[in-house]
Amino acid sequence: MTLLAERTETLTTLGSALRRALDGAFADVRAAGRESFPADNLLRDPTLGVEASRDWVFARLRELTEAGFGSTGLPRAAGDAPDPLGAVTTFELLAHGDLSVTIKSGVQFGLFGGAVANLGTEWHHDTYLGDIAALRLPGCFAMTELGHGSDVASLETTITFLPGQDAFEVDTPTPAATKAYIGNAARDGKLAVVFGQLVVAGERHGVHAVLVPLRDPAGDLLPGVHAADQGHKGGLLGVDNGTLAFDHVRVPRRMLLDRYGGVAADGGYHSSIDNPNRRFFTMLGTLVRGRVCIAAGAGIAARRALSIAVRYGLRRRQFPAPGRPDGVLLLDYLTHQRRLLPLVARSYALGFAQNELTAALVAVQGGSEHTERDARELETRAAGLKAVTTWFANAAIQEAREACGGAGYLSANQLTGLRGDADIFATFEGDNTVLLQLVTKALLTDYRQAWSGLDRGGLVQATARVVGGTVLERTAANLVVERLVASVRRRPEETTLVDRGWHAWMFEERERHSLESLARRMRAAGRAAGDSFEAFNALGDHVGFVARAHLERVTLEAFIAGIAACPDPEARPVLERLCSLYALGSIGADRAWFQEHNRLSSGRAKALGEQVNQLCRELRPHALGLVEGLGIPEGWLGAAILQD
Ligand SMILES: Cc1cc2nc3c(=O)[nH]c(=O)nc-3n(C[C@H](O)[C@H](O)[C@H](O)COP(=O)(O)OP(=O)(O)OC[C@H]3O[C@@H](n4cnc5c(N)ncnc54)[C@H](O)[C@@H]3O)c2cc1C
């Protein structure tokens with residue numbers, strides 16, 4: 001084993017090559033980030049209370065902002081070039097440390113700053129972005145209300161134009177309209193982007209956003225603004241979440257963030273987008289970067305936990321065995337391998353998918369030409385990967401905690417803190433279950449567009465086109481995958497269980513069939529007499545299945561593309577095994593579906609488990625390289641159990 005010294009760590013050649021492969025197109029940017037990131041003060045003392053945690057987090061964020069990390073990607077003034085790649089890679093780096101800092105940064109620069117940048121116009125940019133980026137003006141993104149979380153269109157807060165006064169009045173008309181869980185609201189926020197229904201001359205124009213000052217320079221609340229502390233939470237103690245309510249608060253007309261809709265001095269409403277529904281989704285769509293960042297951050301949290309557990313498994317011994325008088329290393333137990341290595345494999349898979357998502361964000365928000373369809377596909381992919389990666393992070397962190405035994409439960413070993421902090425990633429920036437519904441809705445729209453106008457005989461072809469064309473064309477591995485699938489289509493059961501063509505075919509079949517049958521059931525539900533809500537409601541589990549099947553396929557294809565782009569002869573066979581482990585894990589999890597739909601014989605289904613065991617055995621000797629490849633420098637893990 002050759003060792004390579006980097007500034008932050010010494011890596012095996014395999015670990016170094018795997019890291020380059022997983023960092024993909026952004027390998028140089030990420031390596032430079034790891035080199036320059038100020039990592040001395042990375043983790044918060046877990047025994048700090050709420051107020052001390054908030055102090056520590058604010059101070060750390062200031063330190064990082066001054067060092068050039070934090071506000072990357074946020075323009076400083078009107079006309080500044082966007083830098084979505086900088087925003088995502090900086091967020092990833094921050095997720096290597098205390099996640100309260102990561103989320104506080106996300107609230108300040110991503111949500112609050114991002115809303116001013118994306119929904120505001122020149123005056124807002126020139127007046128506020130510099131102070132926001134320098135953290136001189138801490139602020140809030142106040143969308144959620146007590147009564148309205150996932151259903152943003154139903155927000156109750158009103159933003160009413162006051163004719164003749166060149167002003168709006170922002171009001172919380174009912175207790176349910178109180179803004180809730182808002183980051184920076186309890187303590188630090190001075191200005192808020194407040195989302196509410198715009199009312200002009202008695203007419204409602206849908207959800208818009210307005211800037212509302214919250215506190216004076218001394219930190220006291222301004223007249224009409226009510227804020228309360230949401231108190232102790234299950235994690236993210238360093239973020240001051242709170243409620244906000246407004247009692248007929250007046251702000252000047254120019255405080256409305258009016259890029260997509262505004263009110264002229266004479267009281268006339270104007271918008272470049274006539275359709276209110278389209279306007280609403282366009283406004284929300286510009287905020288897609290937050291979901292890309294949360295998915296990226298969750299991926300890093302999972303990698304941290306798995307790095308700790310695998311490294312611990314390489315030092316901890318339990319029970320002597322013949323020829324092993326000192327005890328067996330945990331990671332030499334096949335059960336331990338089966339608990340951790342499939343999660344490591346999935347971590348790689350989602351990492352490759354995240355790279356493609358980041359590339360899509362750069363294509364849409366990086367200032368180059370793109371179509372509305374590109375923007376819509378980015379939103380769908382971001383919603384879906386945010387959901388699957390945050391769910392994965394929660395599962396992986398818990399498994400890593402248990403894999404470290406009692407030591408895993410000590411705060412000094414980081415896992416319980418990570419678990420508490422990452423938990424809520426499944427809910428904020430869009431609840432995961434609701435996000436999967438969005439994914440399936442978008443797939444059905446594509447399906448209908450390809451399907452409409454075709455007779456029954458054309459249906460199969462149309463379905464193939466949707467899954468094999470408009471959706472597939474966005475993934476880099478398209479042609480490779482098409483060839484792989486073509487090679488097994490006629491005799492899928494005659495391949496080995498590690499045949500990539502078979503994996504790709506199974507993933508495609510799962511998505512194609514479930515989407516096609518859902519479309520059929522949706523049409524039937526639409527025609528059925530009676531309660532139409534209940535007819536659609538009954539399809540809920542099918543809707544979630546389709547989204548997951550789609551995301552699994554996209555992820556597999558990203559993995560295949562990642563392997564194709566890896567030139568390293570030592571890393572490639574390891575990546576191939578990881579990819580098989582990921583694919584078989586996914587097929588195994590849905591084996592009942594595959595068997596029910598005659599895509600998997602019971603003989604092959606039974607053989608899956610032994611094949612997974614075999615892959616784990618083959619990967620075991622590479623365990624250290626695998627976690628090095630995940631990209632978290634050992635010295636940054638901060639787990640006491642890894643320090644001698
Ligand atoms: C720590 C923290 C920080 C936050 N920061 C901010 C912030 O800075 N700014 C901000 O605006 N908001 C913030 N939020 C709010 C967050 O975005 C919301 O909690 C989230 O959008 C979900 O809304 P909800 O809590 O009202 O849940 P609900 O929407 O009530 O959902 C509750 C449950 O019902 C399910 N459900 C809902 N609708 C459906 C449906 N149609 N079909 C099936 N199931 C459904 C969901 O899956 C979920 O499990 C934060 C929340 C937390 C906890």
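Author: Gladly, and let us start with burial: 56% of the 644 residues of the protein chain count as buried. This is a predicted model, where local features need pLDDT of at least 70 and side-chain atom pairs count only at pLDDT 80 or more, while totals for chains, interfaces and linings use all residues. Residues are numbered from 1 along each chain as its sequence is written, and side-chain values use heavy atoms, with hydrogens and water left out.

Reader: Why is R54 called buried?

Author: Buried means under 20% relative accessible area, exposed over 50%, and partly exposed in between, with a 1.4 Å probe and protein chains only. R54 has 1% relative accessibility, so R54 counts as buried. This residue is found in helix α3, residues 50-66. Helices (H or I, at least four residues) and strands (E, at least two) are DSSP runs numbered from the N terminus.

Reader: Which residues does R54 contact, leaving aside its neighbours within four places in sequence?

Author: Contact means heavy atoms within 4.5 Å. By that rule R54 is in contact with A186, R187, D229, G231, L237, G238, V239, D240 and N241.

Reader: And what makes S100 buried?

Author: Its relative accessible area is 0%, therefore S100 is buried. S100 is found in helix α5, residues 99-119. Not counting residues up to four places away in sequence, S100 touches R44, V57, L236, L237, G238 and V239.

Reader: What makes the pairing of the S100 and R44 side chains a polar contact?

Author: A polar contact is a pair of N or O atoms within 3.5 Å; within protein, one must be able to donate a hydrogen and the other to accept it, and residues adjacent in sequence count only if both atoms are side-chain atoms. The side chains of S100 and R44 make such a contact at 3.3 Å.

Reader: Why is D590 called partly exposed?

Author: D590 has a relative accessible area of 22%, so D590 is partly exposed. D590 lies in the loop between α18 (571-589) and α19 (591-596). Not counting residues up to four places away in sequence, D590 touches R510 and F545.

Reader: How do you know that the chain agrees with a compact globule?

Author: The radius of gyration is taken over C-alpha atoms, and the globule rule is 2.2 Å times the number of residues to the power 0.38. With 644 residues, a compact globule would have a radius near 26 Å; the protein chain has 26 Å, so the two agree. Along the principal axes, the C-alpha atoms fill a box of roughly 85 × 70 × 40 Å. The protein chain has 22 helices and 15 strands.

Reader: Which residues come nearest to the ligand?

Author: A residue is near a molecule or strand if one of its heavy atoms lies within 4 Å of it. Of the 16 residues around the ligand, F141, M143, T144, S150 and D431 come nearest. An N or O atom in the side chain of S150 is 2.6 Å from an oxygen atom of the ligand. A polar backbone atom of M143 is 3.0 Å from an oxygen atom of the ligand. For Y181, a backbone N or O atom lies 3.1 Å from a ligand nitrogen atom.

Reader: Which element supplies the largest share of the shell around the ligand?

Author: That is α12, with 3 residues. Both β6 (179-182) and α12 (432-451) supply at least two residues each.
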